[in-house]
Structures are given as structure tokens and as C-alpha cells.
Amino acid sequence: MSDQPAQPKIRSLPQFIAMLEDGDFADDGAKELEKINAALKQASNAQGKGVAKLNLGIEFKIDRNGVVEIKGTMTTKLPDKPRSRTIAWTTPDNFLSPQNPNQPNLPGVIVTATSDDDEIKTA
């Protein structure tokens with residue numbers, strides 16, 4: 001009979017995840033889940049649906065002495081934010097224009113494109 005205590009053994013994935021980085025990996029994962037839930041709620045309210053991903057990776061390296069180095073990685077992909085669409089027309093010289101070339105100009109109205117919004121100015 002040996003006088004040494006039995007070595008603890010990791011027997012489940014939750015135990016293993018809890019062991020990584022002294023628990024910091026699991027804590028970071030919980031924070032990422034919170035971010036995902038918040039983003040999904042926002043996407044659902046704005047668009048009626050949303051998709052997010054949490055990718056976990058675990059790399060193992062062993063040396064000649066039997067020491068195993070374990071490195072966890074975590075990446076999150078949150079739902080895309082809704083974007084509005086912009087309409088433009090091509091010009092004969094291959095640029096874009098906010099004005100439809102097939103629509104006649106209205107007297108007294110000048111359409112200008114700005115970086116902030118679609119602004120219509122009257123002359």
C-alpha cells in the first residue's frame with residue numbers, strides 16, 4: 001500500500017473546463033455568453049432574429065517528462081447589426097450618383113448626397 005495520496009483525476013468536461021487557467025477560462029466564457037445573449041435580444045427586437053457563435057478551442061502539448069500544456073482559445077461572433085440600404089445609379093463615366101438619370105429634375109429642388117444623411121435642399 002502506498003503512503004502517497006491518490007492523484008485527483010479530471011473525469012468530466014465541466015471539471016476540465018473549470019481547471020483551465022485556474023477558472024479564468026470558464027469565467028471568460030460566462031462573460032461571452034452574457035454578451036451573446038444581450039446581442040441576440042437586441043437583434044431579435046430589431047430584426048426578429050439573430051445568429052451568434054461561440055467557438056472554443058483546446059490545444060494540448062506534451063513534453064518528454066509527461067507534462068501536458070493546455071491552452072484554451074475562445075472566439076465570439078455576434079449578430080450583424082442591421083444596416084440600411086442606399087440606392088444609387090451609375091453614370092456614363094462609371095461613377096455613382098444619388099440622382100436617377102431617367103427622372104427629370106424638379107424645378108427649385110437640388111438633391112445633394114452627404115455623408116451623414118440624404119438631404120434635400122430647395123433652391
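## Salt bridges

A salt bridge is counted here when a side-chain nitrogen of Lys or Arg lies within 4 Å of a carboxyl oxygen of Asp or Glu. The structure is a predicted model, in which local features need pLDDT of at least 70 and side-chain atom pairs count only at pLDDT 80 or more, while totals for chains, interfaces and linings use all residues. Residues are numbered from 1 along each chain as its sequence is written, and side-chain values use heavy atoms, with hydrogens and water left out.

A search of the whole structure finds three salt bridges. In one of them, the side chains of glutamate 32 and lysine 35 meet with N and O 3.2 Å apart. Both residues lie in helix α2, three residues apart, which is about one turn of the helix. Glutamate 32 has 17% relative accessibility and therefore counts as buried, whereas lysine 35, with a relative accessible area of 47%, is partly exposed; here buried means under 20% relative accessible area, exposed means over 50%, and partly exposed is in between, with a 1.4 Å probe and protein chains only.

Another salt bridge joins lysine 61 to glutamate 59, with the closest N and O atoms 3.8 Å apart. Lysine 61 is partly exposed at a relative accessible area of 46%, and glutamate 59 is partly exposed at 42% relative accessibility. Lysine 77 and aspartate 80 also meet through their side chains, at 2.9 Å from N to O; lysine 77 is partly exposed with a relative accessible area of 42%, while aspartate 80, at 56% relative accessibility, counts as exposed.

## Overall build

The secondary structure of the protein comes to two helices and six strands, where helices (H or I, at least four residues) and strands (E, at least two) are DSSP runs numbered from the N terminus. Read from the N terminus on, the elements run α-α-β-β-β-β-β-β. Of the 123 residues in the protein, buried residues make up 10%.

## An aromatic pair

A pair of aromatic rings is described by the distance of the centres and the angle of the planes. Rings of Phe, Tyr and Trp (its six-membered ring) pair if their centres lie within 6.5 Å, and planes under 30 degrees apart count as stacked, over 60 as edge-to-face and the rest as tilted. By this rule the count comes to one aromatic pair. The ring centres of phenylalanine 16 and phenylalanine 60 are 5.9 Å apart and their planes stand at 25°, so the pair is stacked. Because phenylalanine 16 lies in helix α1 (residues 13-19) and phenylalanine 60 in strand β1 (residues 53-62), the pair ties together parts that are 44 residues apart in sequence. Phenylalanine 16 counts as buried, at 13% relative accessibility.

## Surface patches

Patches are made of residues with over 30% relative accessible area and no salt bridge, where like charges are joined within 9 Å and nonpolar side chains (Val, Leu, Ile, Met, Phe, Trp, Tyr) within 5 Å. Accessible areas come from the Shrake-Rupley method with a 1.4 Å probe, and for residues only the protein chains shown count as cover.

Ile58, Phe60, Ile62 and Val68 make a nonpolar surface patch of about 390 Å², and the largest share of this patch, three residues, comes from β1. Isoleucine 62 lies in strand β1 and is exposed, with a relative accessible area of 63%.

A patch of negative charge on the surface gathers Glu21, Asp22, Asp24, Asp27 and Asp28. Aspartate 28 is found in helix α2 (residues 24-47) and, at 36% relative accessibility, counts as partly exposed.

Conventions:
Lys, Arg positive; Asp, Glu negative; His and termini not counted. Charge placed at Lys NZ, Arg CZ, Asp CG, Glu CD.
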